[in-house]
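Please read it with the coordinates open.

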Amino acid sequence: MLTLKLAYRNILRQRRRSLLTAFSMAGGYMLFVFSMSLLEGSWSNVVDIFTLDHTGHIQIHKDDYAKRAKIHKTIEDPKAIESTLKNQAAVTGWAPRVYSAALAYGGSKTAPAKIFGIDPTLEPTVTRILKKVSEGEYFSSQPNPDGYFPAMIGRGLANTLKLGVGDEIVLISSGADGSIANDIFSITAIIGNTTSFDRLGVFLPISAAQEFLAMGGDVHEYALLARNKHDNEQLAADLQKLLPGLTVSPWQQIEATFYRTMQSDKQGNYFTMALIVFIVFIGVLNTVLMSVLERTREFGVLKSIGCRPSELIKLIFIETVMLASISITAGLALILPVIIWFTEVGIKLDISVDMGGVVFDTMKGEFSAYVIFMPMGFMLLTAALISLPPGLRAARILPRVALGSH
Amino acid sequence: MLSLKLAWRNLFRNTRRTLLTCMLVTSSLVVIILVDGIMLGMIDVMVGGITKTLEGEAQVNRKGFRENFEPELFLSDPDTISLALATDARVAGHAPRVIIGSMIASPYNTTGGLVYGVDANSELGVSRLKEATYEGSYLSGVKREILLGKLMAELLEVSLGDRIIITAAQVDTSEITQALFRVTGLFEFGPEEMDQSLAFINLSAAQPLMGMDGHVHQIAIRFVDPEDAKNKSLPTLINLNKGDVEALGWLDLQPSIGGMIEMSSYASAIVGAVLFVLTSLGVINSMFMSIYERIYEFGVAKAIGTTPRQIITLVLLEAFLLALMACAFGILIGYLASSYFESNGIPMGRMEMSGVLLDGNMYTQVRPYQFVTFPIYVTLLTVAAAIYPAIFASRIVPSRALQRAL
């Protein structure tokens, strides 16, 4: 208690110096928290965008379909999987899909297209497809009065083939059994814009797609949403045990290039932050050392009346850490509103950058314990370390020499 | 002269403090030099990745062609353009291309992609295609040759010599046309998107396939001086911009790279500004400490008639000398570190940004201005930071200062 009081008074003895030191620590902390928050927030925003746009948090495939898609690598027992998924409380949504490539005809024009067979009622439980309908209406599994199944096409394809809602589109592809598949579909909606990943896509009701591709009831993929998106890797591992014949992959594996890019970017930022903290603490070391040297005489007196070296080390340690804590608290109070603003609102960049196949165009903050306390812990630890050399110096002061100086 | 001598001596009265402050300023300078070098290196890689891989430094296209690669939007008079480019001394190379969105099928699998019909010799002067061909041989002009990307070959499960069938729709008639090729080589550009969805055949084979004899979709250009591509008033490009033909440099073709570069330079400016603030807090603090120690001295100096102006000069000179020392170290260390990383690289991890692969090491770039401009900034800043302590020192009242010291 006495040491605490002494330390507190010592900080206040040189207010200007303490204040300036506090400024630099608070500034360093604020910068650290701010950049962590932006980094985590922006990345998790991007992750949300593509997981909710298409990928989902977890995907289930047969074998290596995710890497080498082939029409006959199918999940043959969808019913069993669906009943497994229904019993999983941690899975909030799931949707079956089939894929294929096709040539699309509209009037006299042709273009390559990607077929996405989706379940009209289950797909919206995983992705934001309902919000991506930019024209027309979301489809159902039912054929129209003329007997044509509905299709929703990407904006890019619509532009190339000069097709609109209500028009007919002809698809040619090859079926799972090697037969030639061709059929007419009626366009009920245009999806997304010219930069969406599905700009060249044709969405079909899954039953129509299965029939078109002669796949029976098989599906290529299940996309899942997890209740807690941060637990998706654990959940994927759990599901893998329940579904031994299939491959369960978290999005980190599906979008491996993007994930690596994200990890590298975070690493780079940690490095920059470590540099900044280093520079801040050279300044702090300077201050603490000076304050010890100033008090050489004082420490000499303390020692001569019986103060132990360890007490002095403790005193300097507490002084430094106390100053650091005060600065960090003040820094936190100042930066908190900024972070909350960035978390709630964020900045939309007027440029968009493609990062490993995913578009990055919004700066968002993240407000979480990690973002606040990781920098705090790191800075307190550094403060504690930095107090040691001056503390040792104080502890080694010889009363005789100290009292003789000045 | 006297002030200079005094200032120099004052600095070394407390060598430890001066060195620590020096270290603070030095490390900021080193960090700024390194960050700038890394940014330059990164920009170089990104720009090189775009312009040297495939896209070229500039391109001639029909307006709107790049949006969806619609086959009808070809250049109707490529010979005139080629002639103009061939006789232009600024142009190092140009390559005509036919670009076909098509279905690419092997005996085992089918995928969609872009097939480039290229002239094997012209391509040498513009793209990296030949160097990227890691297995088999480069195109030689023989009709059935095709080069596949590494990932596409894996997906199609083919190797050298295997059959590939390209299906596309002919220009104008939109009739489906198919042609047989044999895999002559495999290439790897790096970015997954490219290695997964591109294939190259001979221009002479592509034109009849598409029914567009003598026409091409795109002419990619490389300049003798890469800076020319950024020059908006370059006659080479302006003269080609006629009617619906558009000739653009890479900055206009790839706005996201321009955005990326802009974002990077913002980021390094912010890091620089923060470093400046933190460093100046440290400098202010250190100057104050040294003034506090000498309050008695300043009191005496003023009592015997030193003007406030002289005291300000003295303190500022101290800061200036300190900055000079720090810059000398900074330039030395910065140069050593930056040139080390220039030849050895900084390990960065693997990133893919805007279709450019940043893999492995990032090489910094050493430029003379980094060792002139940045030290000048740092010196100015250090002197500026000393203004407040200097004014404080000049206002010391002799009577009080002398009393306090007793």
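**Points on the model**

1. A loop residue to start with. A:Ala214 sits in the loop between α5 (206-212) and β9 (221-226) of chain A. Helices here are DSSP runs of H or I with at least four residues, strands are runs of E with at least two, and both are numbered from the N terminus. A:Ala214 is not a glycine, yet its phi is positive, near 55°. Most residues other than glycine have a negative phi. A:Ala214 counts as partly exposed, because it has 15 C-beta neighbours inside 10 Å. The cut-offs: buried means 20 or more other C-beta atoms within 10 Å of the residue's own, exposed means 12 or fewer, and partly exposed lies in between, with C-beta atoms placed from the backbone.

2. Provenance and confidence. This is a predicted model, in which local features need pLDDT of at least 70, side-chain atom pairs count only at pLDDT 80 or more, and totals for chains, interfaces and linings use all residues. Residues are numbered from 1 along each chain as its sequence is written, while chains are lettered from A and ligands numbered from 1 in the order in which they are written. The predictor's per-residue confidence, pLDDT, runs from 0 to 100. For chain B its mean is 86, and 98% of the residues of chain B reach 70 or more. The model has ipTM 0.73 and pTM 0.78.

3. A:Lys162 is exposed, since 11 other C-beta atoms lie within 10 Å.

4. Overall form of chain A. Chain A has 13 helices and 12 strands. Its radius of gyration is 31 Å, well over the 22 Å from the globule rule for 406 residues, so chain A is more spread out than a compact globule. The radius is taken over C-alpha atoms, and the rule is 2.2 Å times the number of residues to the power 0.38. Along the principal axes, the C-alpha atoms fill a box of roughly 105 × 45 × 30 Å. Of the 406 residues, 47% count as buried.

5. Contacts within chain A. A contact means C-beta atoms, placed from the backbone, within 7 Å. Take the contacts in chain A between residues at least 6 apart in sequence: 79% of them join residues at least 24 apart.

6. A helix pair. α2(A) packs on helix α10 (residues 309-344) of chain A at about 35°, with the axes 8 Å apart. Axes are lines fitted to C-alpha atoms, for helices over the stretch in contact, and angles run from 0 to 180 degrees between N-to-C directions. The contact of α2(A) with α10(A) has 18 nonpolar, 7 polar and no charged residues. Nonpolar covers Ala, Val, Leu, Ile, Met, Phe, Trp, Tyr, Cys and Pro; charged covers Asp, Glu, Lys and Arg; the others, Gly among them, are polar.

7. One residue of α2. A:Ala22 lies in helix α2 of chain A. A:Ala22 is buried, with 22 C-beta neighbours inside 10 Å. Leaving out residues up to four places away in sequence, A:Ala22 touches A:Leu323, A:Ile326, A:Ser327 and A:Ala330.

8. The interface. Chain A gives 51 residues to the contact and chain B gives 52. On the side of chain A that touches chain B, α8(A) supplies the largest share, 20 residues. That side divides into 18 nonpolar, 24 polar and 9 charged residues.

Note on methods. Two residues are in contact if their C-beta atoms, placed from the backbone, lie within 7 Å.
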